[in-house]
Amino acid sequence: MQNISFYPGPSKIYPQIAGFMQDACQCGILSVNHRSQAFVEVSKTTLELLRNKLHIPDSYSILYVGSATECWEIINQSLVEKKSYHIFNGSFGERAYFYAQKLSADPGLIISHLFDVESSLDIAGLSIPEDNEVIFVCQNETSNGTALQQTTLQQLRAKYPDQLIAVDATSSLAGIELDYHAADIWYASVQKCFGLPAGMALMIVSPKAQAKALALHKDRHYNSLVSLLEKIAEFQTTYTPNVLNIYLLMRVMEMVDDIQVIHQRTQERAATYYKTLEGLQHLKALAENPQVRSQTVISVKTSDQSQIARIKEDALREGLILGNGYGKWKDNTFRIANFPALEAEEIQKLIVFLQKEDTQLKA
Ligand SMILES: *Cc1c(COP(=O)(O)O)cnc(C)c1O
């Protein structure tokens, strides 16, 4: 029996992927030219399905890119002339900030704003300079299992209507419903909530960000927004894309429920995890404040940090792969993906494991 991966990416892929891969090999799509009509049909269908199932506004462009990491580069290279502002409480938000600094001619103009893991981001307390160009936030901070609420992003949008807002939604997009109008750029790679093999990401771009990219016309990079937008108008990419993953994405989007149904299920499953942890003695959610907890990545701490490695080994013996801690929380937490491809029985198995493990910690 194969182990069940609760790693928050790459994570368990949809079991149907095996069949979809065979179909991809047999139907010939993997050998077609990426400028051919056959490819364009698949790409067009994929984008339509994404738009319908995830409720992405018609006016927003959906782009295929290589990874979420690449999105940090694209946004900085295509949309920032001088100034960007980075709001974060964990490692992924920080990594976006580091990329911005490295790509800037004047890193002193790249500003970071750290907030506490236990507190909701205080929008009223922010004072972002008027002439700042892009505000970066991480909707779901995979390193510590915290998330920004929809209302927080909406308040940020309302307070800064003129600046571009870029949202890292890598570990939540396709797992929860997002209000795309609350920001200009949304991005996610497919090995998290999409339940697909790694090697591709999606970037969702508002009309305002499209206009800004065209106006700045920073096209020195193969994946500049200018070039990507030009090609996607014909359902294509600037480079030979990951055709297999685009095909698999099409099949997965055909198969999955509407995002509102998935959202509901994700919420219920997250509530079960948090309720379970609240009933335990030694295993606890890293974030104590329920308001800041992620629905898609559960970060768990123990009263005795030296037990983390043993817990992961015990889990593996039962066929359950837990995610390592990340960044600052590498040694004192483990992480659990609450992604849609995981099944109810698998989650139940993990919950029973956590309860059993907690009693052993007592002993
Ligand atoms: C996984 C992850 C990334 C990096 O994704 P890649 O596909 O490896 O580039 C970025 N941000 C967040 C929040 C993530 O969870």
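Reader: What does asparagine 289 touch, leaving out residues up to four places away in sequence?
Author: Asparagine 289 touches Glu118 and Ser119. Contact means heavy atoms within 4.5 Å. This is a predicted model: local features need pLDDT of at least 70, side-chain atom pairs count only at pLDDT 80 or more, and totals for chains, interfaces and linings use all residues. Residues are numbered from 1 along each chain as its sequence is written, and side-chain values use heavy atoms, with hydrogens and water left out.

Reader: How far apart are asparagine 289 and serine 119, in sequence and in space?
Author: In sequence, 170 residues separate them. In space, C-alpha to C-alpha, the distance is 7.4 Å.

Reader: Why is asparagine 289 called partly exposed?
Author: Its relative accessible area is 21%. Buried means under 20%, exposed means over 50%, and partly exposed is in between (1.4 Å probe, protein chains only). The value of 21% therefore makes asparagine 289 partly exposed. The residue lies in the loop between β11 and β12.

Reader: Why is serine 91 called buried?
Author: Its relative accessibility is 10%. That is under 20%, so serine 91 counts as buried. Serine 91 belongs to helix α4 (residues 91–103). Beyond residues up to four places away in sequence, serine 91 touches Glu141, Ser143, Tyr326, Gly327, Lys328 and Trp329.

Reader: How do you know that β11 and β12 pair?
Author: Two strands pair if DSSP finds at least two bridges between them. β11 and β12 (residues 297–302) have three bridges, in the antiparallel sense. The count of three therefore meets the rule. Lysine 284 has lysine 301 in β12 as its bridge partner.

Reader: What makes the open sheet that includes these strands?
Author: Four strands form it, in the order β11-β12-β15-β14, with antiparallel pairing. The edge strands are β11 (283–285) and β14 (323–324), as each pairs on one side only. Strands of a sheet pair through backbone hydrogen bonds, either parallel or antiparallel.

Reader: Which bridges hold β15 in that order?
Author: Five bridges join β12 to β15. Two bridges join β14 to β15. Lysine 301 stands opposite threonine 333 in β15. Asparagine 324 stands opposite phenylalanine 334 in β15.

Reader: What makes β15 mostly covered?
Author: Five of the five residues in β15 (residues 333–337) are buried. Thr333, Arg335 and Ala337 point one way, and Phe334 and Ile336 the other way.

Reader: How many residues of β10 are buried, and which strands pair with it?
Author: In β10 (residues 201–205), five of five residues are buried. Ala201, Met203 and Val205 point one way, Leu202 and Ile204 the other. Strand β2 (residues 61–65) joins β10 through five bridges, running antiparallel. Tyrosine 64 stands opposite leucine 202. Strand β9 (residues 185–189) also joins β10 antiparallel, with five bridges. There, serine 189 has alanine 201 as its bridge partner.

Reader: Where is the cis peptide bond?
Author: It joins glycine 9 and proline 10, with omega about -15°. Proline 10 lies in the loop between β1 (4–5) and α1 (17–27).

Reader: How do you know that the radius of gyration of the chain agrees with a compact globule?
Author: The radius is taken over C-alpha atoms, and the globule rule is 2.2 Å times the number of residues to the power 0.38. For 363 residues, a compact globule would have a radius near 21 Å; the chain has 21 Å, so the value agrees. Buried residues make up 56% of the 363.
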